[in-house]
Amino acid sequence: MALTCHGALKEIKGKTDFTFVLAGNPNVGKSSIFNRLTGMGVVTANYPGKTVELNMATTNFKDLRIGIIDLPGSYALGAVSEDQWVARRAVLDCKPDVAIMVLDATNLARNLYMLIQFLDLGIPIVAALNLVDEAEKRNIIIDSEELSRLLGVPVVKTIATTGSGLDDMIQKAVDTARKKEEIK
């Protein structure tokens, strides 16, 4: 059974400086990023319906305590399937400070739909352009600065399997969350 913010999510949010959700399509590296950031041993797999519950943990980053919530891999935030329902409820109930959208650099077009849905909900976004090493092997070169300009969100190149870019990704999420607080 998936949790809502009224339970463990609310507790994690109350004990942290910021709460970030990791969101994105299945098999983009969200759980690998979650494991790298938190030291947790969440099992990652590449078959549909694998992650339908939320994985939650806290991590330290510089002088901050950050809650990380790994949403189920989903292609959209509609409430059509269980993974979409769980992801949508977590986002609407918990109101994360920032959503880190993990995008597959080898198939960027497919991954942007969900990012746009998060933008429509008014949730601050940082895009983690993951699998850039695999994209480069396929001669796919993405200008992350131009992509950031076009989307209006910070874009950070990452490689979940090596941890490359993850500190920069978290720093951008912290900066984005702080900007959100200044606006309030």
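From the N terminus on, the order of elements in the protein chain is α-β-α-β-β-α-β-α-β-α-α-β-α. That comes to seven helices and six strands, where helices (H or I, at least four residues) and strands (E, at least two) are DSSP runs, numbered from the N terminus.

A word on the source: this is a predicted model, in which local features need pLDDT of at least 70 and side-chain atom pairs count only at pLDDT 80 or more, while totals for chains, interfaces and linings use all residues. Residues are numbered from 1 along each chain as its sequence is written, and side-chain values use heavy atoms, with hydrogens and water left out.

Of the 184 residues in the protein chain, 52% are buried; buried means under 20% relative accessible area, exposed over 50%, and partly exposed in between, with a 1.4 Å probe and protein chains only. Taking contacts with a separation of 6 or more, 70% are between residues 24 or more positions apart. Contact here means heavy atoms within 4.5 Å.

Now helix packing. How are α2 and α7 oriented to each other? Helix α2, residues 30-38, and helix α7, residues 166-183, pack at about 85° with axes 11 Å apart, and are therefore roughly perpendicular. Axes are lines fitted to C-alpha atoms, for helices over the stretch in contact, and angles run from 0 to 180 degrees between N-to-C directions. Under 35 degrees counts as roughly parallel, over 145 as roughly antiparallel, 65 to 115 as roughly perpendicular, and the rest as oblique. On the α2 side the contact is made by I33, R36 and L37, and on the α7 side by L166, M169 and I170.

M169 turns up again at strand β5. V126 is in β5, residues 125-130, and counts as buried because its relative accessibility is 0%. Beyond four places in sequence, the contacts of V126 include V98, I100, P154, M169 and A173. V126 and A177 are 51 residues apart in sequence, with C-alpha atoms 9.9 Å apart.

Back to α2 for T38. At 15% relative accessibility, T38 counts as buried. The T38 side chain reaches the backbone oxygen of F34 at 2.7 Å, a polar contact, that is, a pair of N or O atoms within 3.5 Å; within protein, one must be able to donate a hydrogen and the other to accept it, and residues adjacent in sequence count only if both atoms are side-chain atoms. Outside four places in sequence, T38 is in contact with A57, T58, T59 and I68.

Next, α6, residues 144-151, whose buried residues are S144, L147 and S148. They cover an arc of only 100° around the axis, so they sit on the same side of α6; the arc is that of the directions from the helix axis to the C-beta atoms. The buried residues of α6 pack against α4 (108-120) and β6 (155-157). Facing away from that side are the exposed E145, R149 and L150. At the start of α6, a side-chain oxygen of D143 comes within 3.1 Å of the backbone nitrogen of E145. Just after α6, G152 has a positive phi of about 75°.

Which residues other than glycine have positive phi? Among them are N27, near 65°, and K62, near 55°. N27 lies in the loop between β1 and α2 and is partly exposed at 44%. K62 lies in the loop between β2 and β3 and is exposed at 68%.
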